[in-house]
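Hi everyone, thanks for making the time today. I'd like to walk you through one structure, so let me put it up on the screen.

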Amino acid sequence: MNIQIKDLDFSYSGERVLKNINIDIDGNQCVAILGPNGAGKSTFIRCINKLLKPQRGSICIDDTNVNTLSRKELAKKLSYIPQSTWSLFSLQVFDMLLMGRRPHIAWRNTENDKIKVIESMKILNIEHLALRQFNELSGGMQQKVIIARAIVQETEVILLDEPISNLDIRHQFEVMNIVKELIDKKGILALMVVHDLNIAARYADKIAIMNEGEIVFYGPPADVLSKNNIASIYGVEVDIGRIENKLSVVPIKIADRG
């Protein structure tokens, strides 16, 4: 599985937000998208998912342009976990997860669809939530349900837009461990917008850093997360070490722009 993005441009009300983005992303890995606020990260994800229509360029999944796919066809290829969950969405968890089977359903739900839902709940250890109302759950539990819904959808690509931004540190680890386990077991591609450089360093196989609508760095964490790169993008001096053989980024002070 491969995503190919060529010459991608997107503008809001005449303001250019994405600028000539070119990138090839292979499956069976986690790719983190980093960058300062306003860099275009979420816009980039939404263009891939056809929630936004670029003014120029192409997005292909395995050489198939997403513009040629219906919403149902696209939903068989990729699933999307937004920044915030539908906290006012009143529906039992089991029924909400069953909605994830819609791309595969011809007329009505089958026993196999229900089995898929049960399997996804077991992966995230949320079987006990099956009959709970989604909007009554904590933020961490809601996020697990949304991930389970993406699993039920059985896609090769999962797009995650700041999936841990509202979670405490324990739930951050739980969610990211689940994402990594999915990649290892199912060979999917997880394309994930995050702000935390240490989460990206710990879990991502590749990192893309965006700035002012462009991808300015792309590669393995050890290549991308350098002191010079971070200072040039974020304007912050950092110290970089290793903990458990993973990069650790420690901010020191605001960089002297000089």
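Before I start, one term: when I say contact, I mean heavy atoms within 4.5 Å. And please keep in mind that this is a predicted model.

Let's begin with isoleucine 45. You'll find isoleucine 45 in helix α1, which covers residues 41-48. Its relative accessibility is 0%, so isoleucine 45 counts as buried. What is isoleucine 45 in contact with, leaving aside its neighbours within four places in sequence? The partners are Ile33, Tyr80, Leu159, Leu191 and Val193. Take Ile33 from that set: isoleucine 33 and isoleucine 45 are twelve residues apart in sequence, and their C-alpha atoms are 9.4 Å apart in space.

Now to the nonpolar cores. The largest one has 54 residues, and Leu34, Val145, Ile207 and Leu225 have the most contacts inside it. Helix α5, residues 139-152, gives the most to this core, with eight residues. A second, separate core has 30 residues, including Val17, Ile25, Ile48 and Leu189. As for isoleucine 207, if we don't count residues up to four places away in sequence, its contacts include Ala32, Leu34, Phe217, Tyr218 and Leu225.

Last topic, the aromatics. The structure holds one aromatic pair. Phenylalanine 10 and tyrosine 12 have ring centres 4.8 Å apart and planes at 85°, so the pair is edge-to-face. Are these two buried or partly exposed? Phenylalanine 10 is buried, with a relative accessible area of 5%, whereas tyrosine 12 is partly exposed at 35%.

That's my tour, and I'm happy to take questions.

Conventions:
Residues numbered from 1 in each chain as written. Predicted model: local features only at pLDDT ≥ 70, side-chain atom pairs only at ≥ 80, totals over all residues. Heavy atoms only, no water. Phe/Tyr/Trp six-rings, centres within 6.5 Å; stacked < 30°, edge-to-face > 60°. Buried < 20%, exposed > 50% of the residue type's maximum accessible area, 1.4 Å probe, protein only. Helix = DSSP H or I, 4+ residues; strand = E, 2+ residues; numbered from the N terminus. Core = buried A, V, L, I, M, F, W, Y, C linked by side-chain atoms within 4.5 Å.
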